[in-house]
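Here's a quick briefing on the model below. Have a look at the structure first, then read on.

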Amino acid sequence: PVGDYKVQVNSTNKGIYKKAERKEVVKVVAGETTKGIIFELEKGGSIEGKVIDKITKLPVKNCIINYEKKVESRSYNDFGYINLESPEDGKFFIGGLEDGVYTVLANANGQNYAPNKSAEVTIKDANTVSDVMIELEKGGTVEGMVLDKSTKKPIARSHVSFQPSGKDDINSFRYYTGSRSENFTDNDGKF
């Protein structure tokens with residue numbers, strides 16, 4: 001539709017370029033083509049690593065990989081949700097990162113592993129940090145149901161979160177310690 005827009009670019013070129021946003025507003029006018037919008041992308045830093053079983057040291061496949069960037073000026077971190085799945089060999093690559101201190105998070109939902117995170121990784125001047133290992137431990141399983149209190153009927157698609165006791169706010173990712181887990185109830189209210 002016609003109007004004023006901010007334009008942002010995220011390169012899918014192996015994730016090596018930093019995202020860019022145009023500072024000026026782009027005006028879209030009916031029946032006209034807005035030309036001359038050029039983005040010059042900078043290469044960013046990258047993190048390469050592997051998710052392994054803590055005991056066997058074998059790769060853990062099909063993990064969801066996310067990252068967070070430490071932000072000193074706030075009481076919480078910025079999260080990057082790339083939701084990259086690690087392949088059969090457990091390897092992952094995260095690119096296009098700004099300078100900063102990062103932690104990589106791995107979650108092997110449905111594989112009976114507790115989620116975990118890497119040690120802090122520093123990206124500076126578009127460097128690549130290799131050999132980042134995330135070790136996952138076998139965990140237990142919690143099953144249950146979510147029901148309407150008065151009718152006792154199941155409630156589908158309810159968000160259920162688990163994290164170690166002693167944390168102040170179960171709804172906040174800022175307390176993520178690598179051992180938080182979450183899921184949704186099915187159509188029968190089960191998780």
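Two strands pair if DSSP finds at least two bridges between them, and strands (E, at least two residues) are DSSP runs numbered from the N terminus. This is a predicted model, where local features need pLDDT of at least 70, side-chain atom pairs count only at pLDDT 80 or more, and totals for chains, interfaces and linings use all residues. Residues are numbered from 1 along each chain as its sequence is written, and side-chain values use heavy atoms, with hydrogens and water left out.

**Strand S5 and its partners**
- S5 runs antiparallel to S8 over five bridges, with Gly45 opposite Leu97 in S8.
- With S12, S5 pairs in the parallel sense over seven bridges, and here Ser46 faces Thr128.
- Seven of the nine S5 residues are buried (under 20% relative accessible area; exposed is over 50%, partly exposed in between; 1.4 Å probe, protein chains only).

**The core**
- The largest nonpolar core has 19 residues (buried Ala, Val, Leu, Ile, Met, Phe, Trp, Tyr and Cys joined through side-chain atoms within 4.5 Å).
- Ile47, Val51, Ile65, Phe92 and Leu136 touch the most other members.
- Strands giving two or more residues to this core include S5 (45-53), S8 (91-97) and S12 (128-136).
- Leaving aside residues up to four places away in sequence, Val51 has contacts that include Ile65, Phe92, Ile134 and Leu136 (contact: heavy atoms within 4.5 Å).

**Strand S1**
- Tyr5 sits in strand S1 (residues 3-5).
- Tyr5 is partly exposed, at 32% relative accessible area.

Technical notes. Helix = DSSP H or I, 4+ residues; strand = E, 2+ residues; numbered from the N terminus.
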